[in-house]
Amino acid sequence: MKLFSFKGGIKPNPNKSVSTALPIAQAPLVGRYIVPLHQSVGGTPRPIVNVGDYVLKGQRIGEADGWVSAAVHAPTSGTVVEIGPHIIPHPSGLPTDCVVIEADGRDTWIERTPFDVDHASPDAIREYLRDMGIVGMGGAVFPSHVKLAVPKGKHIEQLIINGAECEPFISCDDRLMREQAEEVILGSALFGQLVHAGQVLIGVEDNKPEAIAALKAAQEKLDAPVAVITVPTIYPTGGAKELIRVLTGKEVPGSKRATDFGVQVFNVATVQSAWRAITYGEPLISRIVTISGAVGESRNWSVPIGMPIADLVALAQPKPESDGVIMGGPMMGFKVSTNTAPVIKSTNSLIVNAPGLFPPKPQELPCIRCGACATACPQELQPFELYWWSRANKFEALEKYKLFDCIECGCCDYVCPSHIPLVNYFRFSKSEIQAAQREKELADAARDRFEFREARAEREKREKAERLAKANAARQAAEAAAAASTPTPANPDEGVPDLSSHPNQASTPIAVDNHPVLDASAKQAAIAAAVERARLKREQHADKAGSTAP
């Protein structure tokens, strides 16, 4: 198979042989485990247990919060004694919510059942992997089920399984590929099936001959549709975009995703843990960690998630002069703020530091613009330009020079003759730009809320005015209809007395007699009839009074 190359890169001393001489060992149980709820990219899982609950090994204790999230599980059986903030291994040194489990020593598993992947829909498979806590084990800890969801209209031409492991000192993937080669091959084939990949390629650096031989033997035995490819040893070939370039010749810009070019990348430990989750019903509750540096015995350990780093380092017999622990490799790792922090899903290596192991950098000198950093940069950036703009806080220029394409691999630091900590400058600038972006988003959201409130008030005012206008129009129409239904005389002044000839008459109108006007003869007849009725009443009254006299 034809291989390609990427620009730049360096060849530091690998320092791997010392930790690969011994097989993977199982870390013993400890008394207490601190399991962070947030161990992957995305939302923070919600705790689904309470203090005092008894949990079994593999029981889900944190539920995924949304699609871009992954569940967390109990690493052993025991009692939940605390749910609260604890410091975790992170460059920030900040605490996050954790579930603390007091182990009972029995290490009792939940009931485990295989998942019938052959009769499940793609969505059901992805949801299952989310609930089993499967994330990227190469360091990015991106939820694997999300990467398995191929965007609509895209096709995965090459699925790349990353076994390069280019960072010095780290050898956990090397030992995994040697000892669990069949599971790696089966997991790779499974993921190829899930994304309908045209090719499944496992890339391994040529400084791991035992791992390459084990994978090829397993592939032949299983007759799996997977190809094991040996790639040159150069840092940072283990970077996803660099390995894509080496194996396919495709260059993925910083603003694009690998799936836009028909490629997807997973770590060897990721596909192996996913295969075990589907085949045996085992959630991700442990990982392999390399312990090296100033220790009596360098080797790889299978470690339950949540085990305190101090307990794990003690197994390697640290030397008395040790003065801290570095998580990750010397190129991209960071010093852990406290050894009480737990092992998490992204903990691939712990280097016990001591004076002389990594000599301190000499004092920073002015940049001489030699261009060595640009020559070594695998992303084809100009680190010296980024450095000057970072010092000047010209963040707009930094974005123009594609600061966010920097993968912080440390190649520029490694070759700089002035000993400038370039990556530290770039990290600072990235954080400032991101903070400014968050502030802008908050300000935009506040403005949108204000404008929405103003628009709503104006709309309500307009609607109220319209309602009042409609009510007035309806009332006027009703009054007009009532007036139209009442008959009016032909002459409005007819029947109204003329008061103009009576100056002494009061101005208040008198009541108007609406009865018909009688003529003179009718009036006389009416008067005579009334007089006659009065006379008859008097006579009747007189007769009645006479009859009752004694």
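**Close-up views of a pocket and a helix pair**

The lining of the second largest pocket is made up, by class, of 17 nonpolar, 8 polar and 4 charged residues (Ala, Val, Leu, Ile, Met, Phe, Trp, Tyr, Cys and Pro count as nonpolar, Asp, Glu, Lys and Arg as charged, and the others, Gly among them, as polar). The model is predicted: local features need pLDDT of at least 70 and side-chain atom pairs pLDDT 80 or more, while totals for chains, interfaces and linings use all residues. Residues are numbered from 1 along each chain as its sequence is written, and side-chain values use heavy atoms, without hydrogens and water.

**View 1. Centre of the second largest pocket.** The volume of this pocket is about 980 Å³. Of its 29 lining residues, P330, M331, F358, P359 and K361 are the closest to the centre. A pocket is an open set of points on a 1 Å grid over the protein atoms alone, where a 1.4 Å probe fits, with protein on both sides within 12 Å along at least five of seven lines; lining residues have an atom within 4 Å of a point. Volume is the space filled by probe spheres set on the points, which are joined across faces, edges and corners.

**View 2. Elements in the pocket lining.** At least two lining residues come from each of β16 (334–335), α13 (411–415) and α14 (422–485). Helix α14 gives the most, with 3 residues. Helices (H or I, at least four residues) and strands (E, at least two) are DSSP runs, numbered from the N terminus.

**View 3. Packing of α4 and α8.** Helices α4 (residues 172–179) and α8 (residues 268–280) pack at about 50°, with axes 10 Å apart. The angle therefore makes α4 oblique to α8 (under 35 degrees is roughly parallel, over 145 roughly antiparallel, 65 to 115 roughly perpendicular, and the rest oblique). Axes are lines fitted to C-alpha atoms over the stretch in contact, and angles run from 0 to 180 degrees between N-to-C directions. D173, L176 and M177 of α4 meet V268, A269 and Q272 of α8, contact being heavy atoms within 4.5 Å.
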